[in-house]
Every structure is written in structure tokens, then in C-alpha cells.
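Welcome, and thanks for taking a look at this one with me. Here are a few notes to read alongside the picture.

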Amino acid sequence: MPSVLMLGVIWIFLFSRVPPSLPLQEVHASRETIGKIAAASKMMWCSAALDILFLLDGSHSVGKGSFERSKHFAITVCDALDIGLERVRVGAFQFGSTPRLEFSLDSFSTRQEVKAQIKRMVFKGGRTETGLVLKYLLRRGFPGGRNGSVPQLLIIVTDGKSQGQVALLAKQLKEKGVTVFAVGVRFPRWEELHVLASEPQEQHVLLAEQVEDATNGLLSALSSSALCSAVAPDCRVEAHPCEHRTLETIRELAGTAPCWRGALRADAVLATRCPFYSWKRVFLSHPATCYRTTCPGPCDSQPCENGGTCVPEGLDRYHCLCPLAFRGEANCALKLSLERRIHVLFLLDSSASTTLEGFLRAKAFVKRFAQAVLSEDSPARVGVASYSGELTVVVPIGEYQDMPDLVRRLDGIAFNGGPTLTGKALRQVAERGFGTATRTRQDRPRRVVVLFTESHSQDEVAGPAHHARGRDLLLLGVGSEAVQAELEEITGSQRHVMVYTEPQDLFNKIPELQGKLCTRPRSGCQAQSMDLVFLLDASATVGPENFAQMQSFVRNCALQFDVNPDVVQVGLVVYGSRVQTAFGLDAHLTRAAVLRAMSQAPYLGGVGSAGMALLHIYDKVMTVQKGARPGVPKAVVMVTDGRGAEDAAVPAQKLRNNGISILVVGVGPVLRDALRRLAGPRDVLIHAAAYSNLQFHQDKLIEWICGEAKQPVNLCKPSPCMNEGTCVLRRGSYRCECRDGWQGPHCENRVLRGDALKARGSRQDPAGGLHVHGSQQLQRPGHPGS
């Protein structure tokens with residue numbers, strides 16, 4: 001028998017391709033926080049008496065490319081150090097088969113010299129003998145150092161794949177007072193890095209591949225241990241959940257194959273089946289905690305108003321991406337476009353019941369509103385008065401030099417405390433709040449009183465309010481839900497009252513107040529009902545800044561509609577690395593809430609699938625369970641660059657077959673064929689050459705939406721019946737025929753077995769007709785009958 005058949009075990013090595021973009025360390029924090037971590041790494045500065053020695057792994061397992069990244073990390077750290085012979089001294093070793101001193105701690109006295117010498121380091125290769133360089137340091141100490149008279153830091157940059165024992169040597173170094181940072185490179189073995197690092201290990205184990213994050217983590221640890229004050233007073237070190245990944249080779253049984261065991265003698269060979277294995281490389285995850293420094297960013301104060309998106313530019317600058325209605329103004333501030341002159345007196349409740357916090361909130365609102373309204377050519381003039389027991393006109397109408405003067409006078413208004421006599425204040429406002437007017441009714445400006453209060457009046461308000469309205473004053477009320485009824489009594493109309501539920505919600509009332517003061521054309525299809533879903537491409541090919549311009553575009557569109565449960569419902573879906581419902585159709589009941597939620601939609605990154613996103617809308621958004629209304633037109637507006645849309649034509653047609661219209665907004669210099677197929681036979685497609693050009697297509701989009709809102713609807717598309725019930729059209733209505741075990745207008749209620757048998761027996765009425773548990777009459781759009 002041929003000897004070549006005498007095999008023990010067949011080994012088959014299959015190494016899967018390593019994903020090039022999977023990070024080996026991931027800090028679980030928002031995109032904004034990750035940006036702040038990177039920005040803070042450039043602001044941190046360590047100036048103290050320290051000896052810092054870099055040990056750079058130059059072995060073959062690290063490789064030349066990763067060695068260069070190790071050098072880049074060391075150079076970046078040096079940028080944050082006050083290097084000098086009396087302050088921070090820096091030295092460097094390269095180790096492979098043997099340790100090599102590149103330069104000692106006392107070789108250079110400036111940061112430029114140290115960085116230049118690190119750049120000149122040449123990759124040597126060899127084995128990973130980490131233990132040899134640690135032994136060198138134990139015997140001889142830090143070369144060129146100050147003999148332990150100042151704190152000693154050892155920064156080991158390695159893949160953690162030492163070919164000798166390092167645990168005891170690292171322990172002895174740490175016992176001598178050396179602080180050890182273990183910084184991974186390439187695909188590190190995290191277990192060895194934790195053995196090398198000082199306690200707490202989570203603060204002393206980093207990854208050089210993520211330079212800014214690692215620099216931030218190192219300097220944060222130095223600040224926490226008081227070795228140097230690297231963090232500015234207004235910055236803070238915080239713990240974030242993170243994840244370390246390692247690349248491991250694992251063996252899996254792939255099957256068996258015939259083989260022969262035994263000696264060369266013919267009578268000693270045994271035929272049998274032997275196992276064979278496949279080997280593959282996989283990433284294993286280890287949860288951890290990462291301590292990083294963040295500093296206040298330029299967007300922390302939310303400077304962009306009226307739904308604008310703040311985009312940071314460096315450490316202290318930003319710009320606002322504004323909705324179309326507010327474009328061209330600083331910070332998307334509101335500019336009133338008034339057809340005639342108007343005098344507005346803000347009346348602030350300064351009583352003890354409102355509290356100091358509520359009073360300061362009202363002052364802040366007036367400041368923001370005035371900054372939005374007033375300009376050199378604005379016909380609007382404002383004044384401010386406060387009251388508790390008595391009325392005090394702090395800023396008479398129009399009596400201020402300029403905006404800074406008005407702001408100073410607003411800041412100087414003191415909180416009084418005392419009783420809440422709103423009725424008395426209204427009577428005094430009517431008499432002297434607008435001065436002693438001598439003009440006739442025809443030539444005097446429109447006069448408006450905007451009352452701010454969070455507490456009930458302790459005197460009667462109906463009579464004084466009626467007196468003020470009789471003096472030709474328009475009364476508007478702004479307050480908390482607790483005083484809504486009283487404000488309606490004062491103003492004489494529910495339409496003249498603005499109520500906020502949360503303190504921050506107050507500032508979102510600026511556009512609403514604008515609408516009540518100004519004559520504004522009503523755009524959009526105000527009286528038409530519709531369920532409208534925006535679908536935004538949030539994949540990596542779009543990028544965060546372009547995604548922010550998408551958000552601004554859809555916010556501009558939403559501004560044109562009357563958002564409420566009876567007219568237009570709006571939902572938003574984003575897709576990238578996954579598909580996510582940012583908010584459903586019935587999640588937000590007002591336009592202000594929709595605008596705010598659109599601003600908070602997440603950018604996902606990753607690879608997006610438009611087909612999966614459309615199926616998500618079909619299954620999980622445009623359904624009765626998720627707030628869709630029977631008898632109401634339904635539309636999806638999709639904004640994408642076209643990448644990832646190759647699989648979308650069939651899901652799009654599935655939506656259209658179910659009564660849901662789709663408009664595709666394609667962005668990019670070239671319109672992709674996939675988008676043309678997605679647009680369907682009606683060619684419902686808008687092409688914008690760039691994201692900055694989306695604003696020029698808003699009118700066309702609104703026109704299409706309004707046209708779809710007027711189209712006749714099929715009450716059974718999409719089906720309002722749940723749990724596989726069948727929708728049956730009748731004259732002007734529909735009914736749901738439910739499967740056994742379900743009942744209700746939309747087959748939404750499960751019935752017990754006994755009830756189900758009873759219901760089955762009652763389905764035939766005496767005349768032989770069908771008795772239906774769910775039957776709907778067509779009511780006004782937006783209200784399915786039940």
C-alpha cells in the first residue's frame with residue numbers, strides 16, 4: 001500500500017479576511033462626545049517635573065506600518081508635554097530581539113528636537129523580547145533620568161505578544177514606583193497589556209491606533225493621579241463604557257474524511273475516518289471602562305435657534321445650518337416680517353408664586369425674542385414691565401438706544417416677590433403701559449400685551465382683561481399648563497394662549513408668538529390630511545455634515561404643514577448601519593415637537609440599504625398599530641445619494657401597491673440608475689446636484705405632497721385590519737373580517753376559546769347575512785371610526 005496514504009489527521013487552515021474597518025477599541029458614546037474627546041486631546045497640556053520613557057515595539061509581529069503609527073502616537077503625546085530638562089524629560093527605546101536605546105532622557109531639551117529624533121527612528125524587526133528591555137531598566141534605571149527624584153512614567157507601545165515572561169518584571173518595576181502605561185498596536189493581546197499596566201488598569205491601557213483617544217486617555221490618567229494638571233478647570237474626566245476587541249484564531253470541526261493509520265507493513269495499516277478542521281480568525285470582545293476628558297464645546301449652549309443644527313468648527317467656533325425660513329440670520333434667529341408697525345409690551349410676573357427661576361426664564365425669552373425682532377429698519381418696538389403687587393414699567397415702549405442697551409436694561413430688572421395681582425396689573429397696563437397716546441385709532445401702531453405667568457392670580461382678572469381689550473389691546477398669554485384656563489379667560493380666546501410643558505419648551509414658542517404677531521402667508525396644504533414619513537440616508541457615504549443639511553431640508557418642509565392628529569402626521573426613519581425609526585407618525589402632536597425631534601435624529605454611518613429601509617416603513621411605520629390612519633393619503637419622501645439603492649425597486653413597488661406614494665430626492669452630480677428605477681413609472685424624482693441645493697427644490701416637493709394629499713384613497717390600502725384580518729370595502733366605509741380568535745373594529749382583541757366558539761355561532765344573522773365584529777364608517781380624514 002502506498003505510504004502516501006498513511007496520514008494521521010488532515011489539517012486545513014482557512015483564514016478569513018480581517019474586516020479592515022472594525023475598530024479594536026470602541027468608546028460607547030455619542031458622536032458629539034467622541035468629537036469632544038478628540039478636541040480635548042489638542043487642548044490638554046502637562047507641565048511638571050516628569051521622566052517619560054517610551055518603549056516602542058519594533059518586532060516583526062508589529063510590522064513597519066504599525067511601528068510608524070507607534071511613532072505618530074509618541075509624537076502626538078509630546079505635543080502635549082512641556083519638554084525641558086527642568087520639566088518633562090523624554091527618552092525612547094526600540095525593542096525587538098534586543099533592546100536599543102534611541103535617545104536618553106537628557107539628550108534633548110526642546111519638544112522640536114525630541115519629535116525630530118522620534119521621526120528618525122528606523123524599524124529594526126526581530127522577536128518580541130519585551131522582558132529584555134524591562135530587565136535593562138530594572139538593572140540600570142531610566143537612562144539620563146533623575147534617579148527617581150521625580151515621577152517616572154514608562155509608556156510601552158506593543159502588540160502584547162512577548163516571547164518571554166513579563167509579569168514578574170513588570171511587577172518589580174511598578175514596585176519601584178514606575179507608572180506603566182501599556183498601549184496596544186496592531187491586533188494587541190489585551191491580557192498582556194493588562195499585566196504590564198499600572199493600577200487602575202482601565203486608566204493605563206490604551207490603543208495607539210486611535211491616536212487622539214489614546215492621548216486623551218493618557219493625559220486624563222495623569223490628571224487623575226495628580227502627576228500633572230493636564231485638564232483645564234472647565235473640563236472634566238468621565239468614565240465611558242467601552243469595548244476592547246482582539247483577533248484570535250479558533251479551530252472548528254469541518255467534517256471527517258477516510259484516512260489510514262498504522263505502520264508501513266501491509267498487515268498493520270488500518271482504514272478509518274479522521275476528523276479535519278477549519279481555522280478562522282475572529283474578533284472577540286471584552287467590555288471595559290475608558291476614562292476620557294471632555295471640554296465644553298461651541299455647540300453646548302445650543303446657539304442655533306428655531307430648529308437650526310449647530311456644526312462645530314474646531315475648539316471654539318461653529319456655524320448653524322438653518323431652516324429656510326431662518327436662513328441668513330445669525331444663529332437662525334427669528335426675523336419678523338411685519339406688514340405694519342407694532343408695539344409689544346412684555347408683562348412679566350415677578351411675584352413670589354412664580355419663583356425666581358420662572359422670572360429669569362421669562363427674561364431670557366424676551367431677550368431672545370428682541371434679538372430676533374429688532375433691527376435698524378424694523379417697524380416693531382418693544383417694552384418691558386413687571387408686576388407683583390404693583391406695575392413697574394422698566395423699559396417704556398421703544399425707549400432704548402440699541403440692542404445692547406435693551407439687553408442691559410433687561411438684565412437689570414430685579415425679582416420682587418410679593419402677591420400675584422394680575423388683574424390689577426392688566427388695568428394699570430391699559431391705563432399707562434403704552435404711554436399717553438394722542439394718535440387716532442387709524443394711525444397708531446397695533447398694540448399687544450404679552451403676559452408671562454406661571455401662577456394663578458390672587459385677584460379677579462375677567463373685568464380688568466375685558467377693560468384692556470376694550471382699549472384696543474391684543475392680549476396674548478404665555479404660561480405653564482397650570483394657568484392655561486386663566487390665560488384663556490384673560491386673552492378671551494384659546495388661540496391667544498401659548499402653553500409650555502417643560503422649561504426648555506418655552507423657547508420653542510418664539511415662532512408661534514411670531515405667527516400671532518405677524519401676518520404670514522400660510523404655505524403648504526394646510527387643510528389636507530396626510531400621513532407623511534421622511535426617509536433619510538444616514539450612511540457613511542453621506543457623512544455627518546451632509547446629513548445635517550438633510551435634516552435642515554426636511555425641517556423646512558415640515559414648517560409648511562399643520563401638524564396635529566387631525567391633519568398632518570409626520571414620521572422620520574433613518575438608515576445606515578441599521579434602520580431606525582427616529583419617531584413614528586403618532587409620536588409628536590405639534591409642529592414644534594416634530595422640528596425638535598428632527599434635529600435630534602441620529603447619524604448612523606455604516607453601509608445603508610434603501611430596500612431594507614422601505615420594508616421597515618412597510619412593516620413597522622405605515623401601520624394602524626403605529627399610528628397610521630385609515631382613509632388618509634400616505635406618502636414617503638426619501639432623500640439619498642443613491643448608493644445602496646440597488647435593492648430598493650421591489651420594496652418601493654410593494655409600498656405603492658399598498659396605496660403609499662413615494663417621492664425620491666436624489667443628491668449628487670450624477671443621477672444614479674438605481675434611483676431612476678426606484679422612482680417608478682411615474683418618474684417621481686427630484687434631482688439636487690448638491691446637498692446645499694436641496695433648499696431650491698422645497699417648493700416642488702411641497703407641491704407634490706399637496707397633490708398626493710388630494711388623491712382619492714382606498715380605505716383598505718394599507719389594510720387597517722390587524723392580526724391577518726381581511727379588509728372589505730363597503731359603500732363609503734370598510735369592515736374587518738377577523739380570523740378565529742380575534743375580534744374588534746380592527747381585529748385587535750384576542751378572544752378566549754369559549755368566546756370564540758360563541759362568536760363563530762353568531763356570525764350568521766337570522767336573514768342569513770354576515771355579522772362583522774369590526775365595521776367602519778368613513779369619517780373625516782384623520783379619525784378612523786371604531
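1. How many residues lie between strand 14 and strand 15 in their hairpin? There are 3 residues between these two strands. Before going on, please note that this is a predicted model, where local features need pLDDT of at least 70, side-chain atom pairs count only at pLDDT 80 or more, and totals for chains, interfaces and linings use all residues. Residues are numbered from 1 along each chain as its sequence is written, and side-chain values use heavy atoms, leaving out hydrogens and water.

2. Strand 15 (residues 391–395) runs antiparallel to strand 14, with 4 bridges joining them. (Strands pair if DSSP finds at least two bridges between them; strands are DSSP runs of E with at least two residues, helices runs of H or I with at least four, numbered from the N terminus.) Ser386 has Thr392 in strand 15 as its bridge partner.

3. Strand 14 also pairs with strand 13 (residues 342–349): the two run parallel and share 8 bridges. Here Ala380 of strand 14 is the bridge partner of Ile342.

4. Strand 14 (residues 380–387) is largely enclosed by the rest of the structure, because 7 of its 8 residues are buried (under 20% relative accessible area, with a 1.4 Å probe and protein chains only).

5. Now turn to the helices. Helix 11 (residues 422–432) packs against helix 12 (residues 462–470) at an angle of about 20°, their axes 8 Å apart. (Axes are lines fitted to C-alpha atoms over the stretch in contact, and angles run from 0 to 180 degrees between N-to-C directions.) That angle makes helix 11 roughly parallel to helix 12 (angles under 35 degrees count as such).

Definitions and conventions: Parallel < 35°, antiparallel > 145°, perpendicular 65-115°, else oblique. Buried < 20%, exposed > 50% of the residue type's maximum accessible area, 1.4 Å probe, protein only.
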